[in-house]
Amino acid sequence: MNKNTLYPVVMAGGSGSRLWPLSRVLYPKQFLCLKGELTMLQTTVNRLNGVDCESPVVICNEQHRFIVAEQLRQLNKLTENIILEPAGRNTAPAIALAALAAKRSSPDCDPLMLVLAADHVIQQEEAFREAVRAAIPYADSGKLVTFGIVPDLPETGYGYIRRGNVTPGEGDSLAFDVAQFVEKPNMETAQAYVASGEYYWNSGMFLFRAGRYLEELQKYRPDILEACERAMATVDPDLDFIRVDEAAFLACPEESVDYAVMEKTADAVVVPMNAGWSDVGSWSSLWEISAQSPEGNVHHGDVISHKTENSYVYAESGLVTTVGVKDLVVVQTKDAVLIADRNAVQDVKKVVEQIKADGRHEHHIHREVYRPWGKYDSIDEGDRYQVKRITVKPGEGLSVQMHHHRAEHWVVVAGTAKVTIDNVETLLGENESIYIPLGATHCLENPGKIPLDLIEVRSGSYLEEDDIVRFEDRYGRV
């Protein structure tokens, strides 16, 4: 690796509860297609096209690993480049893991790390790339660069960076010493910040040498660095994943990179970026950055509106209609509907808290669930039965498993199924079915070239996903 080749690191943790009901704990906003045909993670990776860099490393939570792997595979960017966090510990430890991995993969140089978030929208991508190029000389000289978004309005939902003196650079490059990081302000303060021209929104994007970050972390938070070094000491490669030592990482303090390093270091500089940036922190911000109709509406899916103004309407399944309303957010999924005043969507998280307090599951998981082999959709359930539609990708298969409390009946809708029950193999085509008795060891594979779709009917006294004993699994889940 050339010493000035960028080593991109994409942080893909977080739950994004303010975009409920689309964003959930097991399928948060960075994995959703909120704007365009690609997910936010995929858009972040593609934004690097045109920048001289290595394949990006993605840091994500253990429970999201197969979603990340599939989305990178679709872009041909899956290269054993996913670092798994056993639990979230905020950005300072996450970046430390990536810096240690970068140093390990390039022992002869100190690579430049470009740290990005997977859940940002940047509408002017060339302006983003120009800002990155402008920051390289500063990072090369040992500075820790943060990117400050040039504000176009007084926003109270972002932290701010106050710039200091101009930092000497090369050519047309422009950067400033960081004078101060400030917390989210009230409206009056935000208006003063924007009017002064001395403040930028804090984007949470960074560029620095891996070794410089680790040096500053050692200086200001040696406890975080020590925990991350222990976690990386016994890395366990697993398929396309890099697993760190769980016990060591769980002992790591939780801290943001701003608090741990950037607010303390004497070498922080800010490079301005004016690129149509948004962290899409709410439904109203998504409405603002989306293409709107002449009436100010944004529609997604099967939507009919009449006498509707300035509203965001999202239909995941089925027809959604609005009549005589304005300034609304309406989001319909297969198992939940949100209706909110567009000016009150910051309080969606209060609804999520109530769902959690009530012991419900709609904050945690979608009705449609993705697995490394495909997906399933829970389409009906009742007393002692459950019905799912299962889709298995070509060449993939479920684990060899058994259940203590349920029997299953599979009906093939499309494709070909290879079913093994107690070591007896059966090949099923469309409209054929098979019964799996309670306690039988079984597995399901798709040996064909097209997706396999089948209907699964479960019956028994306990039907939850944790009634499963795995004997063999190609995805390392035994």
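The model is predicted.

Start with helix 2, residues 65-74. Helix 2 is mostly covered, with eight of its ten residues buried. The buried set runs through Arg 65, Phe 66, Ile 67, Val 68, Ala 69, Glu 70, Gln 71 and Leu 72. What lies over these residues? The cover includes helix 1 (40-46), strand 2 (57-61), strand 3 and strand 11 (241-243).

Ile 67 sits in helix 2. Ile 67 counts as buried because its relative accessibility is 10%, and the cut-off for buried is under 20%. Beyond its neighbours within four places in sequence, Ile 67 is in contact with Leu 26, Tyr 27 and Phe 31. Tyr 314 is another matter. It is 247 residues from Ile 67 in sequence, and the two C-alpha atoms are 22 Å apart in space.

Now follow the chain out of the helix. Asn 76 comes after helix 2, and its phi is positive, near 60°. Asn 76 belongs to the loop between helix 2 and strand 3. Is Asn 76 buried or exposed? Its relative accessible area is 71%, so Asn 76 is exposed.

Asn 81 lies in the loop between helix 2 and strand 3 (82-85). Asn 81 is buried, because its relative accessible area is 4%. Its side chain makes two reaches to backbone atoms. One goes to the backbone oxygen of Pro 56, at 2.7 Å. The other goes to the backbone nitrogen of Thr 79, at 3.0 Å. Setting aside residues up to four places away in sequence, Asn 81 touches Pro 56, Val 57, Val 58, Leu 72 and Asp 240. Leu 72 is one of the buried residues of helix 2.

Strand 11 is part of the cover of helix 2, and Arg 243 is found in that strand. Arg 243 counts as buried because its relative accessibility is 17%. Which side chain does Arg 243 pair with at 2.8 Å? The partner is Glu 62, and the two side chains are joined by a polar contact. Leaving out neighbours within four places in sequence, the contacts of Arg 243 are Glu 62, Arg 65, Leu 84, Thr 234, Val 235, Asp 236 and Asp 238. Arg 65 brings us back to helix 2, where it is among the buried residues.

Helix 2 also takes part in a pocket. The second largest pocket has a volume of about 1200 Å³. It is lined by 45 residues, and those closest to its centre are Ile 365, Val 369, Arg 371, Tyr 376 and Glu 465. Which elements supply at least two lining residues each? They are helix 2, strand 20 (368-371), strand 21 (374-382), strand 22 (385-392), strand 24 (406-414), strand 28 (442-445) and strand 29 (452-460). Strand 20 gives the largest share, four residues. By class, the lining holds 17 nonpolar, eleven polar and 17 charged residues.

Lys 393 counts as partly exposed because its relative accessibility is 23%. Not counting residues up to four places away in sequence, Lys 393 touches Glu 70, Pro 372, Trp 373, Gly 374 and Asn 446. Gly 374 is 19 residues away in sequence, yet its C-alpha is 5.4 Å from that of Lys 393. Glu 70 is one of the buried residues of helix 2.

Next, the annotated spans. UniProt, in an unreviewed entry, places "domain: MannoseP isomerase/GMP-like beta-helix" at residues 301-354. That stretch is 13% helix and 41% strand, with its end C-alpha atoms 28 Å apart. UniProt also lists "domain: Mannose-6-phosphate isomerase type II C-terminal" (unreviewed entry) at residues 359-473. Here the span is 0% helix and 56% strand, and its end C-alpha atoms lie 31 Å apart.

Finish with the backbone. Most residues other than glycine have a negative phi, and most peptide bonds are trans. Asn 423 has a positive phi, near 70°. Asn 423 is in the loop between strand 25 (417-421) and strand 26 (424-428). At 77% relative accessibility, Asn 423 counts as exposed. The peptide bond from Trp 20 to Pro 21 is cis, with omega near 10°. Pro 21 is placed in the loop between strand 1 (6-11) and helix 1.

Technical notes
Residues numbered from 1 in each chain as written. Predicted model: local features only at pLDDT ≥ 70, side-chain atom pairs only at ≥ 80, totals over all residues. Heavy atoms only, no water. Buried < 20%, exposed > 50% of the residue type's maximum accessible area, 1.4 Å probe, protein only. Polar contact = N/O pair within 3.5 Å; in protein donor to acceptor, adjacent residues only side chain to side chain. Contact = heavy atoms within 4.5 Å. 1 Å grid on protein atoms, 1.4 Å probe; cavity = no way out; pocket = protein on both sides within 12 Å on 5 of 7 lines; lining within 4 Å. Points joined across faces, edges and corners; volume = space filled by probe spheres on them. Nonpolar A, V, L, I, M, F, W, Y, C, P; charged D, E, K, R; others polar. UniProt positions renumbered as here; feature names shortened; annotations may be inferred.
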